[in-house]
Amino acid sequence: MNRRSPLLVLPALCMLLAAGDVLAQGSTGGSLGNDSKSLSGGGDEPRSTTPARRARPEAREVPRRPARSAAGFDGVWIVRAVGQSAICAGQTSSNTVIVSAGRISGNNVRSGSVSASGAVFATGGSNGLTNVTTGRLAGAGGSGTFRQSDGCTGRWAASKQ
């Protein structure tokens, strides 16, 4: 059994790689069959006017903004609502709600959420009525609108305690 030494394979591999470089030079610097040109592209012909490609600069790392969370709205909020439609014009109510990890809970709140940007969406109700509340919180305040199943619509304002 004739086994080749790994040391003999390495020089052969280097020669193949070097031959590839020579062939690449021949394809860009001249042809092997033309006696008036050398492998390196010498001769009387003018050089190419195409500029050499520059190495691409390293991409700059753009700092990423930290992910926004609704945690900035966590806490106790007092919400005051005022009816504006003919059915409930001038009627007011006040309710305390708690925001925790983007979830709204409190009396008469079935489900509610606050997004990282402060968008509010909640559903709830009492006395057989249901309502949908939308709006926005920003800093220690917020406002929006509500619509009840009996047709009452209005506005609300909230303040963080």
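Q: What is Thr133 in contact with, leaving aside its neighbours within four places in sequence?
A: Thr133 is in contact with Val120, Phe121, Ala122, Thr145, Phe146 and Trp156. Contact means heavy atoms within 4.5 Å.

Q: Which strand is Thr133 in?
A: Thr133 sits in strand 6, residues 129-138. Strands are DSSP runs of E with at least two residues, helices are runs of H or I with at least four, and both are numbered from the N terminus.

Q: Is Thr133 buried or exposed?
A: Thr133 is buried, at a relative accessible area of 17%. The cut-offs: buried is under 20% relative accessible area, exposed is over 50%, and partly exposed is in between, with a 1.4 Å probe and protein chains only.

Q: Before I go on, what are the ground rules here?
A: This is a predicted model; local features need pLDDT of at least 70, side-chain atom pairs count only at pLDDT 80 or more, and totals for chains, interfaces and linings use all residues. Residues are numbered from 1 along each chain as its sequence is written, and side-chain values use heavy atoms, with hydrogens and water left out.

Q: And what is the mean pLDDT?
A: The mean pLDDT of the protein is 77, and 59% of its residues reach 70 or more. pLDDT is the predictor's confidence in each residue, from 0 to 100.

Q: Where does pLDDT stay under 50?
A: Over residues 3-27. The model has five contacts beyond four places in sequence for that stretch.

Q: Back to Phe121. Where does that one lie?
A: Phe121 belongs to strand 5, residues 119-126. Phe121 is partly exposed, with a relative accessible area of 43%.

Q: What does Phe121 touch, not counting residues up to four places away in sequence?
A: Phe121 touches Ser111, Gly112, Ser113, Val132, Thr133 and Thr134. Take Val132: eleven residues separate it from Phe121 in sequence, and the C-alpha to C-alpha distance is 7.5 Å.

Q: Switching to the big picture. How many helices and strands are there?
A: One helix and eight strands. Along the sequence the pattern reads α-β-β-β-β-β-β-β-β.

Q: How do strand 1 and strand 8 pair?
A: Antiparallel, over seven bridges. Two strands pair if DSSP finds at least two bridges between them. One of the partners: Gly83 bridges to Gly154 in strand 8.

Q: And strand 7 with strand 8?
A: Strand 7 and strand 8 also run antiparallel, over seven bridges. Gly141 stands opposite Ser159 in strand 8. The two strands form a hairpin with four residues between them. In that turn, Gly151 has a positive phi of about 100 degrees.

Q: What joins strand 2 to strand 3?
A: Four bridges, with the strands antiparallel. Val99 has Ile104 in strand 3 as its bridge partner. Two residues lie between the strands of this hairpin, and Ala101 takes a positive phi near 50 degrees.

Q: Now the core. Which residues of the largest nonpolar core touch the most other members?
A: Phe73, Trp77, Val114, Leu137 and Trp156, out of 16 residues. A nonpolar core is a set of buried Ala, Val, Leu, Ile, Met, Phe, Trp, Tyr and Cys residues joined through side-chain atoms within 4.5 Å.

Q: Which elements give two or more residues to this core?
A: Strand 1 (75-83), strand 2 (92-100) and strand 8 (153-160). Strand 1 gives the most, with three residues.

Q: What is Trp77 in contact with, again leaving aside neighbours within four places in sequence?
A: Its list includes Asn95, Val97 and Val99. Leu137, Gly141, Ala158 and Lys160 are among the others.

Q: How many disulfides does the structure hold?
A: One. Cys88 is joined to Cys152, S to S 1.8 Å. The criterion is a pair of cysteine sulfur atoms within 2.5 Å.

Q: Which hand does the link have?
A: Right-handed, with 85 degrees about the S-S bond. The pair links distant parts of the chain, 64 residues apart. Cys88 is in the loop between strand 1 and strand 2, and Cys152 is in the loop between strand 7 and strand 8.

Q: Are those cysteines buried or exposed?
A: Cys88 counts as buried because its relative accessibility is 3%. Cys152 counts as buried too, at 4%.
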